[in-house]
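Work through the exercises below with the sequence and the coordinates at hand. Each task is followed by a solution in steps.

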2 protein chains.
Amino acid sequence: MAQAVRASPGGFSTSPHRSIGSSASWLNRPEESSAAWRTQGSRQAPPRSCRGRPPRARGAAELPGAGPRGRGRGRALASARPAPMGAPRRLLLVSNSTLRGGGYLGHCEQQVRRFLGQKVKRVLFIPYALHDRDAYAKTAREKFESLGGGNTFRLLKALYDNSLLQEIRKRVLEDGIPYVGSSAGTNVATVSISTTNDMPIVYPPSLLALGLVPFNINPHYLDPDVNSTHMGETRAERILQYHEEPNTPPVLGLREGAMLLVEGDKATLQGVTGARLFLRGEKPTEHEPGTDFSFLLTDSNSQKP
Amino acid sequence: MAQAVRASPGGFSTSPHRSIGSSASWLNRPEESSAAWRTQGSRQAPPRSCRGRPPRARGAAELPGAGPRGRGRGRALASARPAPMGAPRRLLLVSNSTLRGGGYLGHCEQQVRRFLGQKVKRVLFIPYALHDRDAYAKTAREKFESLGGGNTFRLLKALYDNSLLQEIRKRVLEDGIPYVGSSAGTNVATVSISTTNDMPIVYPPSLLALGLVPFNINPHYLDPDVNSTHMGETRAERILQYHEEPNTPPVLGLREGAMLLVEGDKATLQGVTGARLFLRGEKPTEHEPGTDFSFLLTDSNSQKP
């Protein structure tokens, strides 16, 4: 199953050859964790406690068209409300792993370092988005220089197949374990993967994802190229098609170089490239780095009718 | 449900204002058809004969990861073998509806005209790929000048919801009714929609599609832009990720301006822009217009292990 990766004492190494990350997703453990997350080595069966069907999360919302409803596998996990008594959620959702001209995770190294802080001893690395998980995890242990992206459908299906969604939700929303995702790892942190850019190379039991926030993200968001002769839909047109479906949540288009920091009920746009916000039935709006997106974390915005 | 559209006497009007087509898919009826296909007006319930679960097609192949297997909805319809006694299948699978600098369907008007011939009296138009079906069908009846594309997931889900897959397969593979698709309409004609470029805005019961041919197509195929700074996967990389999955069929990358003509067991690349062929485990190959792709229609090529 998921991989444990040793973090540098500072939480995130200054050397580009020893930085920690992946284009899938991480869960960082501030202190020693339970046995369920201590597993080393890939493809190992998940612990018994993770194997059952994930129970429906309290207050979980089900989205029309996103998958099977209310029965068995593929059940909705779309609630983003943390348990009232739990530690606040801490998420860093990055658009992309590599920015042209920079090293792997170079554009977000400072943010990841600040985010992890001094206490993180080990990182749980989830390598499901790439086909060769062992190689991916090995690279994650050593260095993160030249990894490509991952496939969101493959990552989400593996999370379902290993019954990990409910466990990750619990860890993040109730125990306050910090979560770092980039690209596919950012997609699966949101309500659903309905706004991924990836091809559906496998068929997950649902499109509903971790629901750590009550909206969707389109990573690698791309502005229309006015010089292009290509006639395929632009990214904005695709997101607008999504919003033609009823009860679809907001979509934050995170450009490469942008990331969203979520701490409890506060969300802030970081990075250098900005983001474009799509609310159902409204004109998209442009947002600069530093924008306070906390209003996206309230349920009233999550499913605009 | 699907729309009946009147064709011009010549099968395809010479006037760009009266040409017939869509970015979804068409079924052309050479002569008067059965009542099942005579329905006018949109959103009408499909006839009784189409409503049941589609029985598994003879020789149908199921692909790992493409969806539920062997039970109920979402059942495999991946066989491309026509019934031995049936008329030969006739398909025209177009990459895109509009080519930059030309009118709607301008780049393939000659091919569609030749394909339909003199006998076609009416066209069954399937408007499911766009949200506003009535408007889409109305435009289809009048002219086809400025239609945008459609969403493949939405089209396939509507075909499943209306139990139309088996009926369309029968009409095309057994009765020889000609089929024209472009973009989303081309995707759903193949084994599965696993190589669509669209976002999964809805969740169909399976990724398996009509299976009118035993391979997949990537429409709007796009070569890597060497000047781009965007770090998202290239189209070729996405198709290679698909081929990391076991038993995945060939993928034909049809550039905008390209189309595939299938007549019985013969397949020919038409248009002006060529295509790139991806076989699992092999280096992609480039193909000029006029290429004979009949070898892709044989089962031995359909699922290279």
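**Exercise 1. A sheet in chain B**

What is the order of the four strands in the open sheet of chain B, and what kind of pairing does this sheet have?

Solution. The model is a predicted one.

Step 1. The strand order is S6-S7-S10-S11 in chain B, and the pairing is mixed.

Step 2. Strand S6 (216-221) and strand S11 (285-287) of chain B each have a single partner strand, so they stand at the edges and one side of each has no neighbour in the sheet.

Step 3. Ignoring direction, neighbouring strands of this sheet are turned by 25° against each other on average.

**Exercise 2. Strand pairs of the chain B sheet**

Solution. Strands of a sheet pair through backbone hydrogen bonds, in either the parallel or the antiparallel sense.

Step 1. S6(B) pairs with strand S7 (residues 251-255) of chain B in the parallel sense, over four bridges. Here Ile217(B) is opposite Leu252(B) of S7(B).

Step 2. Between S7(B) and S10(B) there are four bridges, and the sense is antiparallel. Leu254(B) is placed opposite Ala275(B) of S10(B).

Step 3. S10(B) and S11(B) are also joined, in the antiparallel sense and over three bridges. Ala275(B) has His287(B) as its bridge partner in S11(B). The hairpin of these two strands has six residues between them, and in it Gly281(B) takes a positive phi near 80°.

**Exercise 3. The sheet and a helix in chain A**

Solution. 

Step 1. Chain A has an open sheet of four strands in the order S6-S7-S10-S11, with mixed pairing.

Step 2. The edges are strand S6 (216-221) and strand S11 (285-287) of chain A; each has a single partner strand, so one side of each lacks a neighbour in the sheet. From one strand to the next, the twist averages 25°.

Step 3. S11(A) runs antiparallel to strand S10 (residues 275-278) of chain A, and three bridges join them. Arg276(A) has Glu286(A) as its bridge partner in S11(A).

Step 4. Helix H7 (residues 235-243) of chain A lies across S6, S10 and strand S7 (251-255) of chain A, and runs at about 165° to S7(A).

Step 5. For the chain as a whole, chain A has seven helices and eleven strands. Of its 305 residues, 53% are buried. Among the chain A contacts between residues at least 6 apart in sequence, 71% join residues at least 24 apart.

**Exercise 4. Burial in chain B**

Is Arg89(B) buried or exposed? Then examine helix H5(B) in the same terms.

Solution. 

Step 1. Arg89(B) lies in the loop between helix H1 (48-51) and strand S3 (90-94) of chain B.

Step 2. The cut-off for a buried residue is 20 or more other C-beta atoms within 10 Å. Arg89(B) has 25 C-beta neighbours inside 10 Å, so it counts as buried.

Step 3. Val262(B) is 173 residues from Arg89(B) along the chain, and their C-alpha atoms are separated by 7.2 Å.

Step 4. In helix H5 (residues 165-174) of chain B, eight of the ten residues are buried, so this helix is largely enclosed by the rest of the structure. Among them are Leu165(B), Ile168(B), Val172(B) and Leu173(B), and also Glu167(B), Arg169(B) and Arg171(B).

Step 5. After H5(B) comes Gly176(B), with a positive phi near 75°.

Key. Residues numbered from 1 in each chain as written. Chains lettered and ligands numbered in written order. Predicted model: local features only at pLDDT ≥ 70, side-chain atom pairs only at ≥ 80, totals over all residues. Buried ≥ 20, exposed ≤ 12 C-beta atoms within 10 Å, placed from the backbone. Pairing = 2+ DSSP bridges. Axes fitted to C-alpha atoms, helices over the stretch in contact; angles between N-to-C directions. Contact = placed C-beta atoms within 7 Å.
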